[in-house]
Amino acid sequence: MPNHNQVLIVEDEMDIGSLLKMQVKQMGYDVEHVTSGEEALARLNKNAYDLILLDWMLPGLSGVEIA
């Protein structure tokens, strides 16, 4: 079982983001969910993540631009 691995979910659809967050947390990961590319970049500048689940089509700054 994972131990304190950090996952960042970047998804602007709240229903999808909440579902992903719940499922990933149930697997034992620490999860953060943000809804914009700008917010994702701010988190990435402060924290290290083991995995990022990144939506390509975000309002404003796209997932493609973040990647």
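**View 1. Secondary structure of the protein chain.** In this predicted model, the protein chain has three helices and three strands as its secondary structure. Followed from the N terminus, the elements come in the order β-α-β-α-β-α.

**View 2. Overall dimensions of the protein chain.** The C-alpha atoms of the protein chain fill a box of roughly 35 × 25 × 15 Å, taken along the principal axes. The radius of gyration of the protein chain is 11 Å, which agrees with the value near 11 Å that a compact globule of 67 residues would have.

View 3. Of the contacts in the protein chain with a separation of 6 or more, 54% are accounted for by residues 24 or more positions apart. Buried residues make up 28% of the 67 residues, and the protein chain exposes about 4400 Å², of which carbon and sulfur atoms supply 54%.

**View 4. Strand β1 and its partner, strand β2.** Strand β1 covers residues 6-10, and because four of its five residues are buried, this strand is largely enclosed by the rest of the structure. Strand β1 pairs in the parallel sense with strand β2, which covers residues 30-34, and the pairing extends over five bridges. Within this pair of strands, Ile9 stands opposite His33 in β2.

**View 5. Charges of the protein chain.** The protein chain carries 4 positive and 11 negative charges, and the mean positions of these two groups are 11 Å apart.

Note on methods
Residues are numbered from 1 along each chain as its sequence is written. This is a predicted model: local features need pLDDT of at least 70, side-chain atom pairs count only at pLDDT 80 or more; totals for chains, interfaces and linings use all residues. Side-chain values use heavy atoms; hydrogens and water are left out. Helices (H or I, at least four residues) and strands (E, at least two) are DSSP runs, numbered from the N terminus. The radius of gyration is taken over C-alpha atoms; the globule rule is 2.2 Å times the number of residues to the power 0.38. Buried means under 20% relative accessible area, exposed over 50%, partly exposed in between (1.4 Å probe, protein chains only). Contact means heavy atoms within 4.5 Å. Accessible areas come from the Shrake-Rupley method with a 1.4 Å probe; for residues, only the protein chains shown count as cover. Lys and Arg count as positive and Asp and Glu as negative; His and the chain ends are not counted. The place of a charge is taken as NZ of Lys, CZ of Arg, CG of Asp or CD of Glu. Two strands pair if DSSP finds at least two bridges between them.
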